[in-house]
Amino acid sequence: MFLGFNNWWQYALPPVAGAVIGYFTNDLAINMLFRPYRPIYVFKKRLPFTPGLIPRNQERLAKRVSDTIMGSLLTPSELQNLAKRLLQTERVEGAITWLLQLALKQIKEDKNNKTARILADILKDLFGESFPKLLRALARKEDFFQAQIDQIFDRILLEFTLTETQAKQLSDWLLKVVFSPDFLRESLVNFLTDRNINVIDEGFREKTSGTYWVVANLFGVKNTLHRLRAFCLDEKETANLRIKEILLSLEVRTRLKEFFLSLSLQNLPVATVRQLRETTGKIVRQYIQEKGVDFLQDFSSSIDWDKVAILIISRLQSSTVVNSSMELVSKELALILERYLEEDLEKIVAQAIPILSIDQVIIDRVKGTSPEQLENATQSIVKSELQAIVNLGGVLGFFIGTLQAVILFFN
């Protein structure tokens with residue numbers, strides 16, 4: 001019995017030993033890919049197979065991984081296709097809308113008026129520097145602003161007429177301020193100088209005939225004009241009252257109003273209107289060429305652009321048009337970007353690859369990963385496959401041991 005037992009053990013030992021050796025040698029080989037993580041030294045000499053295969057060749061592995069990815073996976077054509085999928089019109093439109101909404105939200109939450117100050121600087125530079133420089137360059141042309149001046153003249157000046165209210169207000173202003181009784185009295189006094197009176201009297205004597213000649217030569221007008229001047233100087237209030245009565249009796253106010261109502265360039269002859277149009281254009285162009293830049297700069301410096309910018313920002317914050325047109329603006333910008341990318345996407349990708357340095361990013365990432373992390377990452381991806389290799393080693397060892405036991409049995 002004991003001899004039989006020994007014979008049974010002799011045949012069973014090779015398969016068991018082969019399975020154990022095959023299982024654990026494969027497991028050891030797989031572990032030696034990563035472990036030990038660091039070199040081991042004995043008497044200042046590094047032991048063979050330390051560190052593991054992958055940690056020892058991690059830099060070369062990083063280069064091979066980078067070459068494989070850039071050569072097979074992230075090729076320029078694949079990156080171009082990826083960019084096309086990422087930059088589809090719907091996605092780009094959504095991104096632009098989000099950015100616009102974010103910008104509008106930032107503007108609304110801006111309590112320090114940073115956006116208003118930036119806008120104020122832009123407006124100040126635009127109207128105080130950029131636009132005057134542009135105007136100076138354009139003003140050198142002979143036909144500068146000709147079409148605009150003609151359009152303003154034809155549509156505004158040529159068709160301009162005063163309303164009845166405007167004519168009445170202008171007449172009242174003229175009689176109250178410009179041709180007031182006191183102004184007319186002083187003008188009459190200044191006109192009736194001794195020299196002027198003598199000239200009027202002599203002319204009246206020489207150029208009259210008939211009954212007027214008799215009156216002029218017998219009585220003359222010198223004495224009458226001297227008395228009129230003395231009356232205006234001595235009796236100011238009475239003279240003003242008499243002048244006012246004369247203006248009322250002559251209905252000057254009504255006549256002025258009728259004159260202003262009938263005042264229109266269309267009532268003038270065609271040649272006169274044409275000449276006036278040319279003259280107006282020359283005067284306006286000459287003024288713009290000579291003084292337009294200074295006027296714009298002075299005008300810009302007189303405006304408080306900070307307040308203007310704050311008003312614009314406040315209006316934008318509460319504007320329903322801005323909110324409603326945001327989607328349309330995003331769509332138009334997305335279409336513009338799409339048309340641009342259709343033409344130059346290949347060039348952009350070709351220029352972006354060296355800038356992004358994806359291959360160097362992969363190398364740095366692999367080199368910067370610790371052996372422990374590499375092992376954990378590998379185990380998480382192919383854990384079942386690695387375990388199958390270990391199990392296969394055990395199966396192969398068991399098969400070889402069984403083969404040895406069969407050979408031993410027949411011998």
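Helices and strands are DSSP runs, numbered from the N terminus; a helix has at least four residues.

**View 1. Glu251 sits in a loop between two helices of this predicted model.** The loop joins α13 (236-249) to α14 (252-262). Phi of Glu251 is near 55°. That is a positive value in a residue other than glycine. Is Glu251 buried, exposed or partly exposed? Its relative accessibility is 48%, so Glu251 counts as partly exposed; the exposed class starts over 50%.

**View 2. Ser180 lies in the loop between α8 and α9.** Helix α8 spans 164-178, and α9 spans 181-191. Ser180 has 14% relative accessibility. Buried means under 20%, so Ser180 counts as buried. Which residues does Ser180 contact, once its neighbours within four places in sequence are left aside? They are Leu174 and Leu175.

**View 3. Five residues make a nonpolar surface patch.** The members are Tyr11, Val406, Leu408, Phe409 and Phe410. Together they form a patch of about 500 Å². Which helix gives the most to the patch? Helix α19 does, with four residues. This helix covers residues 371-410.

**View 4. Val406 is a patch member in helix α19.**

**View 5. Two spans carry a UniProt "transmembrane region" annotation.** The annotation comes from an unreviewed entry and covers residues 12-34 and 388-410. In residues 12-34, the end C-alpha atoms lie 35 Å apart. This span is 91% helix and 0% strand. In residues 388-410, the end C-alpha atoms lie 33 Å apart. Here the span is 100% helix and 0% strand.

**View 6. The protein chain as a whole sets the context for the close-ups.** The chain has 19 helices and two strands. How much of the chain is buried? Buried residues make up 24% of the 411 residues. The chain exposes about 30,100 Å². Carbon and sulfur atoms supply 62% of that area. Among contacts with a separation of 6 or more, 77% come from residues 24 or more positions apart.

Notes: Residues are numbered from 1 along each chain as its sequence is written. This is a predicted model: local features need pLDDT of at least 70, side-chain atom pairs count only at pLDDT 80 or more; totals for chains, interfaces and linings use all residues. Side-chain values use heavy atoms; hydrogens and water are left out. Patches are made of residues with over 30% relative accessible area and no salt bridge: like charges are joined within 9 Å, nonpolar side chains (Val, Leu, Ile, Met, Phe, Trp, Tyr) within 5 Å. Accessible areas come from the Shrake-Rupley method with a 1.4 Å probe; for residues, only the protein chains shown count as cover. A salt bridge is a side-chain nitrogen of Lys or Arg within 4 Å of a carboxyl oxygen of Asp or Glu. Buried means under 20% relative accessible area, exposed over 50%, partly exposed in between (1.4 Å probe, protein chains only). Contact means heavy atoms within 4.5 Å. UniProt positions are given in the numbering used here, feature names are shortened, and annotations may be inferred rather than shown by experiment.
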